[in-house]
Number of protein chains: 4
Amino acid sequence: MRIGLLTGGGDCPGLNAAIRAVVKRGTAEHGVSIMGFHNGWQGVIDGDAQPMSREDVSGILVAGGTMLGTARCHPHKVEGGIEAVIETAQSENLDALICIGGDGTLRAASKVHNAGVPVIGIPKTIDNDVVGTDSSIGFDTAVSIATEAIDRLHSTAESHNRVMVVELMGRHAGWIAVAAGVAGGADIILAPERPFDIDDIVKKIRHRHRHRNFSIVAVAEGAVPAEGSSWKPSETLDAKGNPIAGQIGAQITQAIEEATGFATRLTVLGYTQRGGVPTPTDRLLATRFGVAAIDAAVEGNTGVFTALRGEQVQMRPFKVMAGKTKFVSDDLLDTAIGL
Amino acid sequence: MRIGLLTGGGDCPGLNAAIRAVVKRGTAEHGVSIMGFHNGWQGVIDGDAQPMSREDVSGILVAGGTMLGTARCHPHKVEGGIEAVIETAQSENLDALICIGGDGTLRAASKVHNAGVPVIGIPKTIDNDVVGTDSSIGFDTAVSIATEAIDRLHSTAESHNRVMVVELMGRHAGWIAVAAGVAGGADIILAPERPFDIDDIVKKIRHRHRHRNFSIVAVAEGAVPAEGSSWKPSETLDAKGNPIAGQIGAQITQAIEEATGFATRLTVLGYTQRGGVPTPTDRLLATRFGVAAIDAAVEGNTGVFTALRGEQVQMRPFKVMAGKTKFVSDDLLDTAIGL
Amino acid sequence: MRIGLLTGGGDCPGLNAAIRAVVKRGTAEHGVSIMGFHNGWQGVIDGDAQPMSREDVSGILVAGGTMLGTARCHPHKVEGGIEAVIETAQSENLDALICIGGDGTLRAASKVHNAGVPVIGIPKTIDNDVVGTDSSIGFDTAVSIATEAIDRLHSTAESHNRVMVVELMGRHAGWIAVAAGVAGGADIILAPERPFDIDDIVKKIRHRHRHRNFSIVAVAEGAVPAEGSSWKPSETLDAKGNPIAGQIGAQITQAIEEATGFATRLTVLGYTQRGGVPTPTDRLLATRFGVAAIDAAVEGNTGVFTALRGEQVQMRPFKVMAGKTKFVSDDLLDTAIGL
Amino acid sequence: MRIGLLTGGGDCPGLNAAIRAVVKRGTAEHGVSIMGFHNGWQGVIDGDAQPMSREDVSGILVAGGTMLGTARCHPHKVEGGIEAVIETAQSENLDALICIGGDGTLRAASKVHNAGVPVIGIPKTIDNDVVGTDSSIGFDTAVSIATEAIDRLHSTAESHNRVMVVELMGRHAGWIAVAAGVAGGADIILAPERPFDIDDIVKKIRHRHRHRNFSIVAVAEGAVPAEGSSWKPSETLDAKGNPIAGQIGAQITQAIEEATGFATRLTVLGYTQRGGVPTPTDRLLATRFGVAAIDAAVEGNTGVFTALRGEQVQMRPFKVMAGKTKFVSDDLLDTAIGL
């Protein structure tokens, strides 16, 4: 058997751990050949691949990024893309193609599968917004990095009697802001799931500063003002509709300082959230996903993706996640906001 | 309302985060009084408690250990213990008692509940062996510490062509050894769930050393030899039946060195696995458990414990966990061993 | 004896460790009273102080920030400031005043000393630009945080074929950028000590990208273009002449992207560089400085500051540092740039 | 020119950073050839070497261990060893040999140099006991790891009212125990430089436990009882005179528990102290040493070693360090013990 492997979309910690698991398990346990495609779907379209051995993946368990490279290319959005993928699958004699990616990569994976190339997905995204799995590769590490930053901001906020605003990733769903905000003890957490009213924030900060002299505000980049709220930020999205780093954070920072009179400072974590050594939890998840994916490939169980459900890793059909976004639950939002 | 709170059994990272959540949510959201008992069940027996305010728990989110102290005392094993607990509950006018603890503490909690004092449990144990919840407070941090140690051993093992044995906690269940072993890329993982044969280990190491010059062996302190295996360690338990730190690791280390001729060295992580700053994941879990427990207490939902199930925290009856041990699943053991 | 103690200027990791050392050594070894002033010089002017005991400093060794608070207030720049300090010193019966601070705080300390209040300085600054000491409190931690960020940017830069620009603190001297840049393996390091020419940077990046597909650029916030260079950034300073966070970084990022055509992204570390748990090296330095300062105070050796020189902590007269800035040496700059 | 390079003795974090600096600076700046010998002096004796390019050292800056391997082999203790080294130097046409190592490796380096092969030394040792340099590669990382362990032990010691003994490396000199003990806030620090009396320790712990309920004791493996002290440990050295891991710690633990009646527990850090990712401080030091060494080699300045003196890296003659051990100064010991 010959199994293809790619990583697509934005990189994140744990991709290499998943690659390693697929290759080690595939070659040692199942005796199959693994072809690694470079730069995500682009490599499949171009037929740019390398055979992968145990030696190739030696030592990459702890490495951030992806040894295969990645790109934000989707075959169904490229003229003749799907056809090129089919052609490569045939010329490379692939029995299945394992795609490690987020939202966009897995949507492409589903379309490619429907076009006749057997595909298996492994969800990765620091945003944790893939439906059907408790967690995706990269999320735990991103939360860990964001929480460490909030920990550090605490001491300087307190020493200088400041409001500290920290802008975190999370365009559609506020998982990082909520998880890191709770873990780091942020006083206010703004997630896209709960549109905010700046007046409430100001009131809460003023109230808090009667007995404490500082506050921490964790803001997801996708945070939006509530309908009818008095204050609205000016444009925070770029031409493609993506959040511009630092935009929403900067405007909220200014609004808080003006309304409260408290010195308010902004920190934008940016790309440090998606790089570097994965946490043990992400390495374990990535390894389990990689093992489950190659096992499924060998069994011919395709059109599915690896999903963590409780303590189990299960294979679930693509349609479970199709076109949906996993939002932070009301319960967890209440926990985050009620503390 | 008045709610009691205690931490029992061995300490672990995240206890203070749970205490903080109970106190903050209880006082601010529900307006109840929280009485914190010192040194676990001992404090309840002695009536040794303090009222707890938001100020008391300020800044403890990241602190290891427990601000309430803890002890390995079980009221049902102490003459008149249960009666003393009932008396304290009455004299303190407690509507419920929230017990943060492992196996032993929660077994006591169940007995106290059956004796008429309404109790709610919050599971904590670095061993992760409490049945009915995906995870317990302290486990993620212990895995994180153990993995970091394995990461460090890798480089010195490789530079010196050595076999490195690391003994980890886990008396009945091998969760830390399996999770940290997989996350750290250990070559051999020994858990109580899979009795080992030293001959297999030696064979695997010899085979591996044909192309790599080092190996990492992760050993749970409760690892046991398979029935009928040629080699058995001499006594590794103390008079109370608890593993003596370093015993099983030392004997396996010696056996490997003698059989393979490769220089083999032992590291015993010991108490560093249960102390210090909790991971963000543990802080989040502890906070969610604390919030769920105080909410249940206020609703009068007692005789239950907080359980993580997938993405949800649920309240489950004590009988779910009663007298059982959560073992590592065959699936996960296969993943661990097959890589 | 009664000794005053204050922390002034921006906070940084290690201040609490120094406070703890002064208090523990002062009370236990020397039997003197320590008065801690709140919010830097402001507290001395206002006579706002607390007596400090061993219990007060228990557990603060690892805490970021400063338990005494701090402020950017200089008595010689305040109407009647010096007089108020003298008055407080008399009314509080101070035999000496220990001032933990950077550039500005220690300049004030020198002036206060000359006005008749015996003063001892302890240098702290993440910028490491105090003359006369090998290192100042906070620098090692700032380098550690900045290096970890660069480590993380490496993997995402490589996976996405990007140029990553990271803006670090360092207004007059480039110590953080140079130390973290070398430690993190940055390809280009821009420090105020070596004015840059954007054309050289572009050329170096283009050259590098013939065989590697990514680059890391570490920029001190005080980096300046060389005289006569073709490209100059627009204004990067605020009305007070302080660098505006993100300004120089953003403009360099844009200039590189436009000139090279390579996707170029900016990260601004900001306040996370000055908060949180100090490194062991900073805790040790702060403790040694605190011990040396209180010992000097008891001996009546004032008008001096603690200085690390090689392996020794020495007391040096204020005039050694007066009005000067410690720049990165040519040697170290050559090491940084030549790799 | 052709320059040889080896790493000898025990491995430690930062060796790869030094290797990388020698190779990058040597090839790019000076255009010389670098030959890397495998497994320390053994590789020179055997003529086992590889040419090293920039590509070979790409990505190793953060890697623990040594890519060249190492061994505890000293040519002057091997029959015909020096002669074999001379022969290899001639057959490989070496203009100089850069030796990265501790005490033993550098003593050999000096002897080889005197025998006619031009040698340059780079000191590395987690023990920090090389004379003539403020610090050696690996020390800062070892202190960092040891301090983190002490931080973790604090919380569990406090929660359980325990005495925690931690045994750290340091056979002749107590640098790690003193630096990590001070940085971690250990209550008692035992270094070889200050022979201990168990009665004093017991007294100090008893005194402390009147107001605090726990203590941390940091013990260097080379700690020795004072002459005439009532209690002496039984043999703690192996046949070669090296400390047996855990021996001195275990005996002190038992003695404290018996004399005080307080529950006392031992942690032995062992090999984790010498592995893994180097701290930024060690990476910077290693890089500066590597650059200075290759620059000296190219200039023909041999028979010297790289030394950190204050903020400068200087080249010093081998005789400065010959046959001596750098002990912790009285000043620093007083700081450690007086807090």
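This is a predicted model: local features need pLDDT of at least 70, side-chain atom pairs count only at pLDDT 80 or more; totals for chains, interfaces and linings use all residues.
1. Across the interface of domain 1 of chain A and domain 2 of chain A, eight residue pairs are found in polar contact, both residues of each pair being at pLDDT 80 or more. On the side of domain 1 of chain A that touches domain 2 of chain A, the residues fall into four nonpolar, five polar and five charged.

2. The two domains are assigned as follows: domain 1 of chain A covers 2-138 + 278-320, and domain 2 of chain A covers 140-275. Their centres, taken over C-alpha atoms, are separated by 34 Å. Domain 1 of chain A gives 14 residues to the contact, and domain 2 of chain A gives 13 residues.

3. Between them, domain 1 and domain 2 of chain A bury about 1,100 Å², with 50% of that area on carbon and sulfur atoms. Three residues, Ile126(A), Asp127(A) and Thr279(A), account for 43% of the area that domain 1 of chain A buries against domain 2 of chain A, more than any other three residues. One salt bridge is counted between the two domains. A salt bridge is also found between the side chains of Asp11(A) and Arg274(A), at 3.6 Å from N to O.

4. Turning to the chains, the contact between chain A and chain B takes 39 residues from chain A and 39 residues from chain B. The area buried between these chains is about 3,200 Å², of which 55% comes from carbon and sulfur atoms. Four salt bridges are found across this interface. In a salt bridge between Lys326(B) and Glu311(A), the closest N and O atoms are 3.0 Å apart. The interface of chain A and chain B also has ten residue pairs in polar contact, both residues at pLDDT 80 or more.

5. The elements of chain A that give two or more residues to the side touching chain B are α1 (15-29), α5 (139-160), α6 (175-184), α9 (280-299) and α10 (330-337). The largest share of that side, seven residues, is supplied by α9(A). By class, the side of chain A that touches chain B holds 13 nonpolar, twelve polar and 14 charged residues.

6. Chain A is superposed on chain B by a rotation of 180 degrees with 0.0 Å of shift along its axis, the RMSD being 0.0 Å. This is the relation of a two-fold axis. Gly310(A) is the residue of chain A that comes closest to the rotation axis, at 2.0 Å (C-alpha). Of the interface residues of chain A, 100% are also interface residues in chain B, so the copies meet through the same surface.

7. A further interface joins chain D and chain B, with 31 residues of chain D in contact with 31 residues of chain B. These chains bury about 2,300 Å² between them, 52% of it on carbon and sulfur atoms. In chain D, the residues losing the most area to chain B are Arg152(D), Ser159(D) and Tyr271(D), together 31% of what that side buries.

8. On the side of chain D that touches chain B, α5 (139-160) and β9 (264-268) are the elements giving two or more residues. The largest share, ten residues, comes from α5(D). That side of chain D divides into nine nonpolar, 16 polar and six charged residues.

Methods. Residues are numbered from 1 along each chain as its sequence is written. Chains are lettered from A and ligands numbered from 1 in the order in which they are written. Side-chain values use heavy atoms; hydrogens and water are left out. Contact means heavy atoms within 4.5 Å. Buried area is the accessible area (1.4 Å probe) that two parts lose on being put together, summed over both. Helices (H or I, at least four residues) and strands (E, at least two) are DSSP runs, numbered from the N terminus. Ala, Val, Leu, Ile, Met, Phe, Trp, Tyr, Cys and Pro count as nonpolar, Asp, Glu, Lys and Arg as charged, and the others, Gly among them, as polar. Copies are superposed by least squares on the C-alpha atoms of residues with pLDDT of at least 70 in both. Domain bounds come from an automatic or database domain assignment. A polar contact is a pair of N or O atoms within 3.5 Å; within protein, one must be able to donate a hydrogen and the other to accept it, and residues adjacent in sequence count only if both atoms are side-chain atoms.
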